[in-house]
Amino acid sequence: MSNPSLLILAGDGIGPEVMNEVKKIIGWYGEKRDLAFDVEEDLVGGAAYDAHGTPLTDATMERAQNADAVLLGAVGGPKYDTLDFSVKPERGLLRLRKEMDLFSNLRPAQCFDALADFSSLKREVVAGLDIMIVRELTSGVYFGEPRGIHKEGNERVGINTQRYTESEIARVARSAFELARRRNNKVCSMEKANVMESGVLWRQVVTEIHEAEYPDVELSHMYADAGAMQLCRWPKQFDVIVTDNLFGDLLSDAAAMLTGSLGMLPSASLGAPMANGRPKALYEPVHGSAPDIAGQGKANPIACILSFAMALRYSFDNGDEATRLEQAVEKVLADGKRTADLLGPEGGTPISTAEMGDAIIAALDASI
Ligand code: IPM
Ligand code: MG
């Protein structure tokens with residue numbers, strides 16, 4: 001049997017640096033756990049634009065469709081700010097999400113005990129936090145038509161459209177309910193049904209799926225603005241949050257910061273099962289390309305490494321090895337190892353991106 005395939009798209013900014021550490025971890029699994037992957041690499045975002053004049057070539061898209069899982073670093077940077085919308089680095093990522101139909105974006109926000117004091121919230125509010133945001137990723141205002149900037153009379157008008165079909169809402173709701181059953185069995189659905197028709201439909205469909213298929217799961221609804229407030233007030237009230245593309249973008253950044261640093265948060269973007277039973281999947285850190293620190297060895301590779309742990313769990317059905325990797329990260333943090341983003345107000349000496357990767361490998365070695 002051939003090894004499962006991974007397509008690595010490191011992208012821009014700190015993407016290549018943090019992905020380097022993931023490559024070491026992938027190598028470790030091949031060598032020490034007899035878990036080898038066939039790894040290919042390609043370009044996305046600004047890096048692809050520089051080489052090919054497009055943020056994602058058709059050939060790369062094709063490779064992504066055929067890989068067992070895609071690992072992505074980050075896209076974007078100030079250098080590309082003035083490019084036309086259609087070739088901006090972000091379009092490469094959006095095309096992958098759309099064409100692979102990765103409708104369910106899992107963004108866990110977990111607070112490692114060693115970092116509870118780094119949150120902007122009080123320790124007791126965040127210690128032990130473990131919530132999962134399920135963000136719809138292929139529709140809504142990110143993709144709705146009509147869109148654009150046009151002239152109306154003598155002024156310009158900018159338009160985007162929030163649009164959701166019933167089936168789009170139903171499939172992401174199912175994925176949230178399924179996850180909740182494997183966690184603490186609670187789902188909170190967030191929209192703006194008080195002002196948006198798409199929100200009214202969202203609430204109706206989530207309620208129907210709940211009644212028909214998941215009555216054993218506890219379901220609640222919140223307006224997304226109140227949800228943002230509750231996330232800051234008492235995040236531990238949540239287990240799984242399911243929400244649309246734009247609200248999910250905002251709420252997941254807020255949730256990420258609860259945990260102390262954006263440099264910690266992984267994500268999985270999942271679609272329908274492929275012929276081999278594995279879901280279409282792309283794994284990426286929630287943080288962006290951080291151009292201000294790119295190329296300096298300062299970036300925290302943990303979000304990207306934990307994204308690979310999610311790949312082990314959700315694509316390769318290997319929860320045990322995913323847990324091993326997560327525990328290695330926890331161990332390294334408990335030992336006081338910190339990249340610059342994880343230094344509290346009292347300071348200290350940060351370790352580099354590569355040193356963090358090496359420390360995690362040492363912890364993995366110690367675990368076998
Ligand atoms: C994210 C990012 C992306 C988004 C950008 C880079 C297109 O913010 O994954 O959260 O808005 O979805
Ligand atoms: Mg975002």
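## Terms and model

A residue counts as buried when its relative accessible area is under 20%, as exposed when the area is over 50%, and as partly exposed in between. By this rule D253 is partly exposed, because its relative accessible area is 36%. The structure described here is a predicted model.

## The annotated domain

The UniProt record, an unreviewed entry, places the feature "domain: Isopropylmalate dehydrogenase-like" at residues 5–360. In the model, this span is 40% helix and 21% strand.

## The open sheet

An open sheet of 10 strands can be followed in the order β2-β1-β3-β12-β11-β4-β5-β10-β8-β9. The pairing in this sheet is mixed. Strands β2 (38–42) and β9 (218–223) stand at the edges; each has a single partner strand, so one side of each is left without a neighbour in the sheet. From one strand to the next, the twist averages 20°.

Helix α1 (residues 15–32) lies across β1 (5–11), β2 and β3 (69–74). The direction of α1 is at about 155° to β1. Helix α7 (residues 197–213) also packs on the sheet, where it touches β5, β8 (186–191), β9 and β10. The direction of α7 makes about 175° with that of β9.

Strand β5 (residues 130–136) pairs with strand β10 (residues 240–243) in the parallel sense, over 4 bridges. Within this pair, M132 stands opposite V240 in β10. Strand β8 also runs parallel to β10, and 4 bridges join the two. Here M190 has T243 of β10 as its bridge partner.

Strand β8 is joined to β9 as well, by 6 bridges, and these two strands run parallel. S189 has H221 in β9 as its bridge partner. Together, β8, α7 and β9 make a right-handed β-α-β unit. How much of β8 is buried? The count is 5 of its 6 residues, so β8 is largely enclosed by the rest of the structure.

In a regular strand, side chains alternate between the two faces of the sheet.

## G73 in strand β3

G73 belongs to strand β3. With a relative accessible area of 1%, G73 is buried. Setting aside neighbours within four places in sequence, G73 is in contact with L9, A10, G15, M19 and P285.

G73 and V18 are 55 residues apart in sequence. In space, their C-alpha atoms are 7.1 Å apart.

T138 is found in the loop between β5 and β6 (144–152). Is T138 buried or exposed? T138 has a relative accessible area of 2%, so this residue is buried. The side chains of T138 and E136 are joined by a polar contact of 2.9 Å. Apart from neighbours within four places in sequence, T138 is in contact with R97, K98, D101, L102, F103, F143, R171 and N245.

Strand β6 pairs with strand β7 (residues 155–161) in the antiparallel sense, over 6 bridges. In this pair, the bridge partner of H150 is V157 in β7. The two strands form a hairpin with 2 residues between them. G153, in the turn, has a positive phi of about 65°.

## The annotated binding site

The UniProt annotation "binding site", from an unreviewed entry, covers D225, D249 and D253. These residues span 29 residues in sequence, yet no two of their C-alpha atoms are more than 13.9 Å apart, so they gather at one spot.

D225 is found in helix α8 (residues 224–233). With a relative accessible area of 45%, D225 is partly exposed. The side chain of D225 makes a polar contact of 3.3 Å with the side chain of K192.

D253 is placed in helix α9 (residues 245–258). Not counting residues up to four places away in sequence, D253 touches L262 and V286.

Technical notes
Residues are numbered from 1 along each chain as its sequence is written. Chains are lettered from A and ligands numbered from 1 in the order in which they are written. This is a predicted model: local features need pLDDT of at least 70, side-chain atom pairs count only at pLDDT 80 or more; totals for chains, interfaces and linings use all residues. Side-chain values use heavy atoms; hydrogens and water are left out. Two strands pair if DSSP finds at least two bridges between them. Axes are lines fitted to C-alpha atoms, for helices over the stretch in contact, and angles run from 0 to 180 degrees between N-to-C directions. Contact means heavy atoms within 4.5 Å. Buried means under 20% relative accessible area, exposed over 50%, partly exposed in between (1.4 Å probe, protein chains only). A crossover is right-handed if, with the strands pointing away from the viewer, the path from the first strand over the helix to the second runs clockwise. A polar contact is a pair of N or O atoms within 3.5 Å; within protein, one must be able to donate a hydrogen and the other to accept it, and residues adjacent in sequence count only if both atoms are side-chain atoms. UniProt positions are given in the numbering used here, feature names are shortened, and annotations may be inferred rather than shown by experiment.
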